[in-house]
Amino acid sequence: MRLRVRRTSGGTAPPPRVAYPETEALRERAREALQDDQLRGNLRAAAGSWAKGQAAVRERYPFAEMRAEARRIRTEDIRRLPELLDLLEERVRAAGGTVVRVADGEAACRYVVELARRRGARLLAKSKSMATEEIKLNEALEEAGLRVVETDLGEWILQLRGDHPSHIIAPAVHLNRDQIADLFRRHSGEEIPNDREALIAYARRRLREDFAAADIGVSGVNLAVAETGTLCVMENEGNVRLVTALPPVHVALLGMERVVADWEEAALFLELLPMAAINDDAATYVSLITGTRAPDEAGDGPTELHLVILDGGRSALRGTPFEEALHCIRCGACLYSCPMWRSVGGQAYGSPYSGPIGAVITPLLEGMRGERSSELPFFSSLCGACHQACPVGIPLHDLLVRARAAVDTPASRRARLAFRAWSILWRWPPTYRASVALARIGLAVMGRRGWVRRLPGPGAAWTDQRDLPSRWPPHP
Amino acid sequence: MRALLMRTCLADLAAPAVARAARGALERAGVQVLVPRRQTCCGQPAWSAGHPEQARAVARRTLRAFAGEDPVVVPSGSCAAMLVHGYPELFADDPEAGAARALASRTLELSQFLVRHDLSPGSGASGAVTYHDSCHMLRILGERDSPRAALAGVAGLELREMADTEVCCGFGGTFALSFPEVSGSLGEQKARNAAATGADELVACDLSCLLHIVGRARRVGVPLRARHLAEVLAA
């Protein structure tokens, strides 16, 4: 497709900074999202098409068996994690790579920034990585005066908007083509037609310039294979291949739990992850990166590979009732399946990880402190659709309940006090019956033609949205 | 055949007719029904809100009220799921862990109990209903078929499936109170899907979902009648 283009200087403006809306209450963000018809339409379309494809995938493959096997492997590998990480580190070093283990995001960012300074780098090209979102790597690099370009189409769109991902796999799924076309026109000053091919062509042209100029490539890792020290990165656009092959230096950020023992195990996840994420049994591109370009090797490949292994609160979950959260392979299926995520999208969660897995791991990785801990685990109806969708069988609804129990904030302590009073009344049949009788009298007194329109006290949140039948069966 | 019936706290509070209907349906099917007098609540409200200690205090009452060997029948997928799936975890490190596991193994939701024992209340009705798959019934108890089989056993009743019947109605216990807007929006979608079938009423195995869905339906002006499955079976 040929484009009529008009160049302006608008295209080089630095992208606005990403800000997570941490200070607003989750309920308020959810309420706002609910009123955004365009957003809801986009989410409905995306989740609907995923659900349709997922049903077909599950018919075509022995999904239940693969899921059971995946769960077994993840359980075993998380149990053996320290040993597997040692082996991985040894093999990556043997293949010419540098390995650094970092305790938290700050240390990870510091390492990458210092590396960039030592190499005199000015431009870093990045492929999609949730771990880099988690540690806010872009912000750290920009603060250090470096330029960083997202090369995944969805992430690039978000970077241009100053937005953040709403989905683990499909970061810009909350936007539709019209919105993206508008953005590209504003950004470029060019007349880009609202056409899939034209939009992609524009992004490709702009991104190629940056690939060629980048001093350092930064990627995530879907799966590290300990026995050979190989990093697997899956994608559909080809940008990961360029990010990890063109620049002379490659930095790979690995969440420490994303490691398997050997290739037999890896083979399962190379199939299962795309099955759950994109309803296909293979990603379009799979990059298998073992070490650096050897000295006697001509041609492609970075001469430096830095594997940064991030703890960031993960190792503390081993051996706790939350250990299964470490089984996650970041496929995003639980997001698509979640009625809450489908209703409000990922941004409302206010954290890089959204949906059921985000509501579990965000507070956990933050040590169950802070506002997001007191909000996120409660943003679920515990319907269990996430568990059903999860290709490694994480009982997310159980983890959500356990996370709620682990929350210790002023709000949670107030709620606990109320439940203590409740439990004293309801553990004894006479006081139980008395409180029930009182409630029934209240219901009868407040009812008008069989319905209560407004309840007092904590019941007000019920009648905020619903009437309450004072007689049963109800008469509309 | 003998069984212990759990009335459920929500029926005690908002619809005692549901517990009476459950008893009636079981008795018509030839079951000798005992309703333990010292029962209160299964404890799920506190458990799912993240207060296991407070839940355990109340659940212990249930554990003792339903002691013995008799099967326990619960006219609620959610309360049944609490006993079956929640209690073993809630009492895992408790001296009564064995009793909790035993209770879990002899507890069934009402339609599960009837269908597994091949029992029929021999009920009759006229018209059409639509059935809402409540989440804990469907995804924790893994029960999709029993309520439908029980409805199929009601002479003269037609079942019309609604769109997205397996999607959550948005009730979710304290979720309905902490995030009322999202909860209400999901409830409204459910009410509209149910009404779109043209069925005379909405039926479910969980009173909680029904209170939420019809309450939301009335607030937004969707005409919708509802009855608990037990009431349909007892009619």
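Two strands count as paired if DSSP finds at least two bridges between them, where strands (E, at least two residues) and helices (H or I, at least four) are DSSP runs numbered from the N terminus. With that in hand, strand 4 (residues 216-220) and strand 7 of chain A run parallel, joined by five bridges. Keep in mind that this is a predicted model: local features need pLDDT of at least 70, side-chain atom pairs count only at pLDDT 80 or more, and totals for chains, interfaces and linings use all residues. Residues are numbered from 1 along each chain as its sequence is written, with chains lettered from A and ligands numbered from 1 in the order in which they are written.

**Strand 7 of chain A**

**Around Val308(A)**
- Leaving out residues up to four places away in sequence, Val308(A) touches Val251(A), Ala252(A), Leu253(A) and Leu254(A), among others; contact means C-beta atoms, placed from the backbone, within 7 Å.

**Between the chains**
- Chain B puts 55 residues into the contact and chain A 49.
- Chain B's side splits into 30 nonpolar, 14 polar and 11 charged residues; nonpolar covers Ala, Val, Leu, Ile, Met, Phe, Trp, Tyr, Cys and Pro, charged covers Asp, Glu, Lys and Arg, and the others, Gly among them, are polar.

Terms used:
Two residues are in contact if their C-beta atoms, placed from the backbone, lie within 7 Å.
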